[in-house]
Amino acid sequence: MKYYIFLVLAVLFWSGNFITGRYISTSIEPMQLSFYRWFFVLVLLLPYIFINYKDLILGFKKDSLLLVVFGAFGIAGFNTFLYYGLQTTSATNALLINSSTPIFIILISSIIFRIAITKIQILGVLLSTLGVLYLILKGNINHILELNFTPGDLWILLAALDWAIYSVLLKFKPKDLSSFSFLTITSFIGVMILYIAFILQGYSLEFSFLSNKEVLYSLIYIVIFPSILSFYFWNMATIEIGANKAGQSAHLMPIFGAILAYIFLDEVLEFYHIVGIVLIAIGIYLTMFFKRVN
């Protein structure tokens with residue numbers, strides 16, 4: 001049960017990442033946000049690195065190529081694509097497109113591992129996706145005409161595909177590496193990759209943007225919660241219960257978005273919220289739990 005709680009917490013924190021990423025999108029460039037996010041994660045991990053550097057180096061030498069792939073997809077790729085997308089698309093569009101992640105995960109799993117897609121899985125994915133659509137369209141199909149798609153939507157789609165590949169490949173995570181050591185090594189690799197892209201795009205290492213309190217406070221949240229905690233929780237849970245089931249938790253993001261807006265922004269919970277939440281809950285139950293109780 002604890003792994004399902006980890007999944008819920010990971011997705012809850014990531015829901016906030018979509019909001020904060022969009023909120024400060026005009027104050028900091030996507031590449032800067034992605035690089036400094038993981039740069040400061042690495043700073044916080046320094047005590048762990050100093051204490052365990054011999055084991056970390058040994059772990060990297062054993063599976064260097066595989067760990068580089070994880071660092072490229074999970075740390076460098078996904079977040080950068082997401083932040084580029086949030087520059088020109090709405091949070092609504094981003095959540096809608098991100099709901100394709102569970103579908104990508106199931107398809108990629110079936111290709112790589114020859115895992116059969118059951119009828120229950122298909123039904124669960126369809127119901128939870130329908131719930132996401134119902135939430136975003138506010139229960140009115142006519143609202144689909146009001147959705148304006150931009151080049152940023154392609155970045156979000158690429159981010160969803162990237163994350164699906166990363167989640168499926170977690171099955172190959174080196175077994176002799178603890179979840180925290182795995183996070184530390186992949187974060188270091190991701191920062192190195194991001195730094196190369198950062199320099200090639202003409203940026204230099206400076207911290208004047210931190211004088212903007214909105215950026216500073218948002219970055220503190222992003223570094224601690226969607227980065228360290230979410231990745232740690234997601235990695236552990238996905239390895240334990242499998243990418244197909246874990247991926248369905250991505251459909252919780254619109255629910256958390258509605259609840260957080262109700263709590264912090266005084267937005268009203270409408271009837272369509274309830275309908276969407278129920279559809280998503282049934283879909284997730286069928287995909288993640290149904291086979292376990294039958």
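Threonine 80 sits in helix α3, which spans residues 64–88. The model is predicted. Threonine 80 counts as buried because its relative accessibility is 6%, under the 20% cut-off. Beyond its neighbours within four places in sequence, threonine 80 is in contact with Met31, Ser34 and Leu194.

The mean pLDDT of the protein chain is 82, and 86% of the residues score at least 70. Among the elements, helix α8 (residues 179–200) has the highest mean pLDDT, 95. Helix α4 (residues 91–98) has the lowest, 68. Where pLDDT is low, the predicted coordinates should not be read in detail.

The largest nonpolar core holds 65 residues. Leu82, Tyr166, Phe231 and Trp234 touch the most other members. Helix α9 supplies the largest share of this core, 11 residues. Tyrosine 166 is in contact with Phe231 and Trp234, and also with Phe70, Phe73, Gly74, Phe182 and Asn235, leaving aside its neighbours within four places in sequence. Another core, of 5 residues, lies apart from the largest one. Its members include Ile105, Ile108, Val168 and Ala243.

Methods
Residues are numbered from 1 along each chain as its sequence is written. This is a predicted model: local features need pLDDT of at least 70, side-chain atom pairs count only at pLDDT 80 or more; totals for chains, interfaces and linings use all residues. Side-chain values use heavy atoms; hydrogens and water are left out. Helices (H or I, at least four residues) and strands (E, at least two) are DSSP runs, numbered from the N terminus. Buried means under 20% relative accessible area, exposed over 50%, partly exposed in between (1.4 Å probe, protein chains only). Contact means heavy atoms within 4.5 Å. pLDDT is the predictor's confidence in each residue, from 0 to 100. A nonpolar core is a set of buried Ala, Val, Leu, Ile, Met, Phe, Trp, Tyr and Cys residues joined through side-chain atoms within 4.5 Å.
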